[in-house]
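These are my notebook entries on one structure. I set down what I looked up, topic by topic.

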Amino acid sequence: MHPLTTRRSALRALGSAALLAASVTVPSATAAVAGERTSRPSVALDWYDLTAATIAAAGAATQITNNRTWAISWLAAARATREVPPGVDRRDFQDAALASAVHDALLALVPSRTQELDAALRTTLDRVPGGPAKSKGVAAGARQARLAVASREGDGLDPASVDAPFTVPPAAPGVWQPTPPAYAPAAQYGNRLARPFLLDGPDQYRLPAPPALDSARYRADLAEVRAYGALDSTVRTALQTETATFWLGSSLTLYTEPLRVALARSPRSVPARAALVALFHIALVDTQIATSDTKYAYLRWRPVTAIRAGTIDPDPDWTPLHVTPAHPDYPSGHNTYSGAAETILTGLTGPRTAPFELTSPTAPGVTRTYTAWSQLSQDNEDARVHSGIHTRSADVAGLALGKRVAEHGLRNAERLFGVS
């Protein structure tokens, strides 16, 4: 699908919420009150930061569970803010509704942060003038939070379900085995058993099989990662090492700031901005489900296993730059995440943005500047090869899978945000 077509489809899909909000007549206000409301802090940004802080402080051990928390909370906010009752101030209603929805959903999903969330809600509501707009907004937010949380009960995205036990098959050429140094049990197998938000099923976009072990493509893949991904590589540049280290950490953490940049710069309505955050994380939940489906369908071994014990010039002492995660090579999960993120951000905000700076917890002191969402994807593709933990084919396939799942989300967003 052409990027412009994808973007138009995405805007149409989210348009119902924005149009509903825009169609409501807003009563006139005095200049003084209007001035106060204009200077009021952005509730969307306040609660974005509160969501990030809540998950950073007390989130789940599994990334997809935390994406789920974001998705549910902001889905509730998008739904709660879309229809403004007649005769009330639009901004007062939407600010109260968004804060109430995110607060109540987070409270249900991360109850250990009750004190902090309650204090934040009081601060937000203290800024909203009293009256029907405020009370109706709080009620709308509470209702949509209850519905959103209830709709995802038993979806298999809790940490225990995500890391469901997996029986490793006998060792054979190409077949995944636990990797050094920890030789840890397989992780994220349970993702492929979970219930998606918008996909028809985990295998809807399952990738074709990875390159055959005796193919020229796989030989080239392995040669590249052997040379550039080794701990003691003599060909990897300092910049390539920095890229690998910068993008080593959690994709959720690394994409929190780019999404915030998109949210802060968006000129769209409150419901559409809430939907941007919600759809981003909904697509990422579905992408991680699809990723695990393909990973465990093909069980392709990791480069470290292939290089140490494979049939192509084995090197039993070869060590990657970074420790290999405990799940199969194909496709790269970092790249499926990046492909989906790029697609949502491009579809809803355009492919480029003014320069913004990004830091990484795994590369202290390093700051990178980006101007296009695709640049983040390119860095992710290179990073996993230069870390020595993925083949290039796994990275390229990952980007493609993430983009397909996110495009599906954009096309089907009305199922979540349409009028009910």
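**Entry 1: overall fold**

How many helices and strands does the secondary structure of the chain come to? I found 17 helices and two strands; helices (H or I, at least four residues) and strands (E, at least two) are DSSP runs, numbered from the N terminus. I note that this is a predicted model, in which local features need pLDDT of at least 70 and side-chain atom pairs count only at pLDDT 80 or more, while totals for chains, interfaces and linings use all residues. Residues are numbered from 1 along each chain as its sequence is written, and side-chain values use heavy atoms, with hydrogens and water left out.

I then looked up the extent of the chain. Along the principal axes, the C-alpha atoms fill a box of roughly 80 × 40 × 40 Å. Of the 420 residues, 56% are buried; buried means under 20% relative accessible area, exposed over 50%, and partly exposed in between (1.4 Å probe, protein chains only).

**Entry 2: aromatic pairs**

A pair of aromatic rings is described by the distance of the centres and the angle of the planes. I used this rule: rings of Phe, Tyr and Trp (its six-membered ring) pair if their centres lie within 6.5 Å, and planes under 30 degrees apart count as stacked, over 60 as edge-to-face and the rest as tilted. By this rule I count 12 aromatic pairs.

Why is the pair of Tyr 48 and Trp 74 edge-to-face? The ring centres are 6.4 Å apart and the planes stand at 65°, so the pair falls in that class. Tyr 48 lies in helix α3 (residues 43–58) and Trp 74 in helix α4 (residues 63–81), so the pair ties together parts that are 26 residues apart in sequence. Tyr 48 is buried at a relative accessible area of 1%, and Trp 74 is buried at 0%.

Phe 166 and Tyr 189 form a tilted pair, with 5.0 Å from centre to centre and 40° between the planes. Both residues lie in the loop between α8 (159–162) and α9 (216–228), so this pair ties together parts that are 23 residues apart in sequence. Tyr 189 is buried, with a relative accessible area of 17%.

I also traced a cluster linked by ring pairs, made up of Phe 246, Trp 247, Tyr 255, Tyr 337, Phe 356, Tyr 370 and Trp 373.

**Entry 3: charges over rings**

Here I required NZ of Lys or CZ of Arg to be within 6 Å of the ring centre and within 35 degrees of the ring normal. Arg 368 lies over the face of Phe 246, 5.5 Å from the ring centre; Phe 246 also belongs to the cluster above. The charged end of Arg 300 sits over the ring of Tyr 218, at 5.0 Å from its centre.

**Entry 4: the loop between α8 and α9**

I returned to this loop for its backbone. A cis peptide bond joins Pro 180 and Pro 181, with omega about 5°, and Pro 181 lies in the loop. Tyr 183, also placed there, has a positive phi near 50° though it is a residue other than glycine; Tyr 183 is partly exposed at 49% relative accessibility. Gln 188 is in the loop as well, with a positive phi of about 70° and 30% relative accessibility, which counts as partly exposed.

Pro 331 lies in the loop between α13 (303–309) and α14.

**Entry 5: the largest pocket**

Which residues lie nearest the centre of the largest pocket? They are Gln 63, Gln 188, Pro 325, His 327 and His 334, from a lining of 26 residues. The lining divides into nine nonpolar, 14 polar and three charged residues. Helix α12 (270–298) is among those that supply at least two lining residues each, and α12 gives the most, with three.On a 1 Å grid over the protein atoms alone, I took a pocket as an open set of points where a 1.4 Å probe fits, with protein on both sides within 12 Å along at least five of seven lines; lining residues have an atom within 4 Å of a point. Ala, Val, Leu, Ile, Met, Phe, Trp, Tyr, Cys and Pro count as nonpolar, Asp, Glu, Lys and Arg as charged, and the others, Gly among them, as polar.
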